[in-house]
Amino acid sequence: MMFRHRTVLLAAPRSLCAGVERAIDTVERLLDAPGRCAPVYVRKQIVHNTHVVDRLSARGAVFVDDLDDVPAGATVVFSAHGVSPAVRAQARERDLTVVDATCPLVTKVHTEARRFDKRGDTIVLIGHAGHEEVEGTFGEAPDATVIIDSPAGATALEVPDEHKVSYLTQTTLSLEETEATITALRHRFPHLRGPATDDICYASTNRQRAVEAVAARSDVVLVVGSANSSNSQRMVDVARRHGIPAYLIDDAAALDGAWIEDAAIIGLSAGASAPAALVTEVIDELRRRGPLTVEEVVTAVEHIAFAPPSAVRRQS
């Protein structure tokens, strides 16, 4: 049987961002701590990737949905997505030792929420209701915050004082869709105030732009990432908005041959919570299906790194 030759356009940047690397490293350092005998608990998934969670679970991390599942006095890690003040208070009440792995860029949004609340604004939080990051940010000022996810939501919004309205965004949103919502908010509230710098993080921005670049030359785009990863989903959305079929896959085993059967050029990337090894495995799987040329398409170079939480630095 003759196999057609294919080209993979490998988007860069891709895979783990600085906040995700910091969060994973935090759990690994705790697991590797000399003399550790007690479990390391993690509230929710440390990052939204099934492979990362499974690997850390195999090493002894215990993932829980609620702090009630953590024994009093134990150590618990807060995930990269952040938590509300109510969760922090619950941890204190249970005498838990907290190691906070919240991404610093999410912490920035929390700080903005408190600042806007202090000056008496209605805070419009653009994001996906129910997402852990949004729940944490909302919890900073629940009585002052409303969540919207579209221009229609902005247009329909009613607030107590139209002169005192500010907005924040989830860090992993679509650039284009968020800008449209902000534009609608500005039209609805001419006195709208926002953060000094964009809340959508550098990693989401860079990965979306990289996908856009490879999608322009591809017959199909594959994004490696888990279904609950917001930033990975937005990368798929970017390709589809440009008319290119795009699919989110957890790993090489999820690749459907029908998606690439007629594709000569395949765009490939990975969300900010997906390890680079998973991308390599997808390339290996594509090679098993026929001759392959891999071309990296670089749209940005990232040099950002975050220091570990102080609690794990003290153990080093």
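**Figure 1. The lining of the largest cavity comprises ten nonpolar, eleven polar and one charged residues.** Ala, Val, Leu, Ile, Met, Phe, Trp, Tyr, Cys and Pro count as nonpolar, Asp, Glu, Lys and Arg as charged, and the others, Gly among them, as polar. The model is predicted: local features need pLDDT of at least 70 and side-chain atom pairs pLDDT 80 or more, whereas totals for chains, interfaces and linings use all residues. Residues are numbered from 1 along each chain as its sequence is written, and side-chain values use heavy atoms, with hydrogens and water left out. A search of the whole structure returns one cavity of 30 Å³ or more; on a 1 Å grid over the protein atoms alone, a cavity is a set of points where a 1.4 Å probe fits but cannot get out, and lining residues have an atom within 4 Å of a point. The volume of the largest cavity is about 260 Å³, taken as the space filled by probe spheres set on the points, which are joined across faces, edges and corners. Val20, His81, Thr171, Thr172 and Asn231 are the closest to the cavity centre among the 22 residues of the lining. Two or more lining residues come from each of helix H1 (18–31), helix H4 (104–118), H8 and H9; helices (H or I, at least four residues) and strands (E, at least two) are DSSP runs numbered from the N terminus.

Figure 2. A pocket is an open set of points with protein on both sides within 12 Å along at least five of seven lines. The pocket is lined by Tyr167, Thr169, Leu175, Thr178, Glu179, Ile182, Pro195, Asp198, Asp199, Ile200, Thr205 and Arg209. By class, these lining residues are five nonpolar, three polar and four charged. Strand E8 (165–169), helix H7 (175–188) and H8 are the elements that give two or more residues to this lining. H7 provides the largest share, with four residues.

**Figure 3. Five strands make up an open, parallel sheet in the order E10-E9-E11-E1-E12.** Strands count as paired if DSSP finds at least two bridges between them. Strand E10 (246–249) and strand E12 (292–298) are at the edges with a single partner strand each, so one side of each has no neighbour in the sheet. From one strand to the next, the twist averages 25 degrees; axes are lines fitted to C-alpha atoms, for helices over the stretch in contact, and angles between N-to-C directions run from 0 to 180 degrees. The parallel pairing of E10 with strand E9 (residues 220–224) extends over four bridges, and valine 221 stands opposite alanine 246 in E10. Helix H8 (residues 202–215) packs on this sheet and touches strand E1 (6–12), E9, strand E11 (265–270) and E12, where contact means heavy atoms within 4.5 Å. The direction of H8 makes about 155 degrees with that of E1. Helix H9 (residues 230–241) also packs on the sheet, touching E9, E10 and E11, and its direction makes about 165 degrees with that of E10.

**Figure 4. A further open sheet has four parallel strands in the order E3-E2-E4-E5.** The edge positions belong to strand E3 (61–64) and strand E5 (97–100); each has a single partner strand, so one side of each lacks a neighbour in the sheet. The strand-to-strand twist averages 30 degrees. Four bridges join strand E4 (residues 75–78) to E5 in the parallel sense. Threonine 75 has threonine 97 in E5 as its bridge partner. Helix H3 (residues 85–93) packs on the sheet in contact with strand E2 (40–43), E4 and E5, and the direction of H3 makes about 170 degrees with that of E4.

**Figure 5. One aromatic pair is found in a search of the whole structure.** The ring centres of tyrosine 247 and tryptophan 259 are 4.1 Å apart and the planes are at 5 degrees, so the pair is stacked. Rings of Phe, Tyr and Trp (its six-membered ring) pair if their centres lie within 6.5 Å, and planes under 30 degrees apart count as stacked, over 60 as edge-to-face and the rest as tilted. Tyrosine 247 belongs to strand E10 and tryptophan 259 to helix H10 (residues 257–260); the two residues are twelve apart, and the pair links distant parts of the chain.

Figure 6. The peptide bond from alanine 12 to proline 13 is cis, with omega near 10 degrees. Serine 15 has phi near 65 degrees, a positive value in a residue other than glycine.
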